[in-house]
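Subject: Structure for your review

Dear colleague,

Please find below the structure that I am handing over to you. My findings follow it.

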Amino acid sequence: MPQIPEKIHELTVGQLSARSGAAVSALHFYESKGLISSRRTSGNQRRYHRDALRRVAFVRAAQRVGIPLATIREALDSLPEERTPTREDWARLSETWRSELDERINQLGRLRDHLTDCIGCGCLSLETCVLSNPDDVFGDRLTGSRLLVERRPRT
């Protein structure tokens, strides 16, 4: 991993990419979503403050465990004066995400447990299939293996 001298306080997008492991396109995307910020030079090139490295690491760690970018942005916005997240911030914020992750894990476990039933049946019945019809939302209205397509009036 390329080292950046301590005396350099701003990074180019290429340096930030090389150091963080995030693609340049991902860094541009993060910036467009307000997760990181840069200033522009007189030549219109992006320059990132060194603390962008920690913000990118924070974003990528949260993404790896399945936290949506909108939720990550809310977490970063909750920090005073848009400061860089600390280890304590991660501990506090990750604790708030724990119940959401536990629910997702439970939901995936239920889907996994019913996957064999679906493969064994093969019909993907909307009446009973937990993959096509989670929580049987169509069971009261329709049966069979297809949804009715809305028809447009002929012109």
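In which hand does α1 pass α3? The crossing of α1 past α3 is right-handed. Please note that this is a predicted model, and that the description below should be read accordingly.

On the pair of helices: α1 spans residues 13–20 and α3 spans residues 52–64, and the two pack with their axes 10 Å apart, at an angle of about 50°. The contact is formed by L16, R19 and S20 on the α1 side, while α3 contributes A52, L53, V56 and R60. By residue class, this contact of α1 with α3 comprises four nonpolar residues, two charged and one polar.

On the overall architecture: the protein contains five helices and three strands, arranged along the sequence in the pattern β-α-α-β-β-α-α-α. Of its 155 residues, 24% are buried. Where contacts link residues at least 6 apart in sequence, 44% of them join residues at least 24 apart.

On confidence: the mean pLDDT of the protein is 79, and 68% of the residues reach at least 70. Helix α2 (residues 24–32) has the highest confidence, at a mean of 95, whereas helix α5 (residues 87–121) has the lowest, at 81.

With kind regards

Key:
Residues are numbered from 1 along each chain as its sequence is written. This is a predicted model: local features need pLDDT of at least 70, side-chain atom pairs count only at pLDDT 80 or more; totals for chains, interfaces and linings use all residues. Side-chain values use heavy atoms; hydrogens and water are left out. Axes are lines fitted to C-alpha atoms, for helices over the stretch in contact, and angles run from 0 to 180 degrees between N-to-C directions. Helices (H or I, at least four residues) and strands (E, at least two) are DSSP runs, numbered from the N terminus. A crossing is left-handed if the near helix is turned anticlockwise from the far one by less than a right angle, and right-handed if clockwise. Contact means heavy atoms within 4.5 Å. Ala, Val, Leu, Ile, Met, Phe, Trp, Tyr, Cys and Pro count as nonpolar, Asp, Glu, Lys and Arg as charged, and the others, Gly among them, as polar. pLDDT is the predictor's confidence in each residue, from 0 to 100. Buried means under 20% relative accessible area, exposed over 50%, partly exposed in between (1.4 Å probe, protein chains only).
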